[in-house]
Amino acid sequence: MEILKCQGVRKVYGSRGNQVAALNGIDLSVSKGEFVAVIGASGSGKSTLLHILGSVDKPTEGKVVIDGTDLSQLDQTQAAIFRRRKVGLVYQFYNLIPTLTVQKNILMPLALDKKKPNKEYFEKVVNGLGISDRLEALPNQLSGGQQQRVAIARALIYRPALLLADEPTGNLDQKNSREIVDMLKLSNCNLEQTILLITHDEKVALEAERIITIEDGLIISDERRR
């Protein structure tokens with residue numbers, strides 16, 4: 001089942017005569033349950049692609065469909081709701097609310113929709129990420145690796161169609177980076193979570209089952225590893 005489809009996606013910044021093309025025509029399809037890494041040097045267009053897939057930005061040309069929804073048809077409010085319910089976002093910096101406990105940070109997407117969590121699924125997520133004993137802690141009482149685990153749990157809590165991770169290990173040491181990648185792999189295997197991981201780190205990319213390389217706003221290779 002196809003979860004994500006991009007057709008001819010271009011993104012141009014600047015005005016006429018001073019334009020820069022961040023994306024030059026991206027065609028991409030991702031199926032349910034895949035773990036895909038998108039790799040490229042700084043400025044290659046990979047983060048621009050993630051922002052468009054996350055409905056944070058819109059393409060200049062082309063079409064993006066996630067779980068049957070054409071993102072170009074969404075206004076700003078609809079895009080925010082879609083992002084909260086259908087796309088889990090994990091960034092290099094954790095973006096946790098400092099005054100809320102770990103549990104409240106994780107449940108924030110559901111709270112915004114006044115929905116109650118599925119207790120069994122919540123426990124499965126926090127146990128799988130190894131943070132079940134930190135639920136009443138505040139973010140400043142956690143290590144960087146623990147904060148990133150909370151951010152991943154928050155992204156997973158709505159059971160999104162797609163989890164987008166933008167350099168999730170970029171702010172962590174080697175040990176915590178390894179653990180975060182392992183957690184993403186576990187969520188892919190145990191929760192059947194579709195993941196698209198943006199990284200410049202080839203070692204991290206090699207953990208995915210499929211590696212897409214972007215250069216100058218174009219996909220130059222798409223390798224399935226298993």
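Helices are DSSP runs of H or I with at least four residues, numbered from the N terminus. The model described here is predicted.

**Helix pair α3 and α5**

Helix α3 (residues 102–112) packs against helix α5 (residues 144–156) with axes 7 Å apart and an angle of about 30°. Angles under 35 degrees count as roughly parallel, so α3 is roughly parallel to α5. The crossing of the two helices is right-handed. On the α3 side the contact is made by V102, N105, I106 and P109, and on the α5 side by V150, A153 and R154. Sorted by class, this contact has five nonpolar residues, one polar and one charged.

**Pockets**

| Largest | about 350 Å³ | twelve nonpolar, two polar, five charged |

The largest pocket is lined by 19 residues, and R84, V87, L89, P109 and R154 are the closest to its centre. At least two lining residues come from each of α2 (76–86), β6 (87–90), α3 and α5. P109 of α3 and R154 of α5 also take part in the helix contact.

For the second largest pocket, the lining counts 15 residues, with S177, R178, D201, K203 and V204 nearest the centre. Helices α6 (174–190) and α7 (202–205) each supply at least two residues of this lining. The most comes from α6, which gives four residues.

Note on methods:
Residues are numbered from 1 along each chain as its sequence is written. This is a predicted model: local features need pLDDT of at least 70, side-chain atom pairs count only at pLDDT 80 or more; totals for chains, interfaces and linings use all residues. Side-chain values use heavy atoms; hydrogens and water are left out. Axes are lines fitted to C-alpha atoms, for helices over the stretch in contact, and angles run from 0 to 180 degrees between N-to-C directions. Angles under 35 degrees count as roughly parallel, over 145 as roughly antiparallel, 65 to 115 as roughly perpendicular and the rest as oblique. A crossing is left-handed if the near helix is turned anticlockwise from the far one by less than a right angle, and right-handed if clockwise. Contact means heavy atoms within 4.5 Å. Ala, Val, Leu, Ile, Met, Phe, Trp, Tyr, Cys and Pro count as nonpolar, Asp, Glu, Lys and Arg as charged, and the others, Gly among them, as polar. On a 1 Å grid over the protein atoms alone, a cavity is a set of points where a 1.4 Å probe fits but cannot get out, and a pocket is an open set with protein on both sides within 12 Å along at least five of seven lines; lining residues have an atom within 4 Å of a point. Grid points are joined across faces, edges and corners, and a volume is the space filled by probe spheres set on the points.
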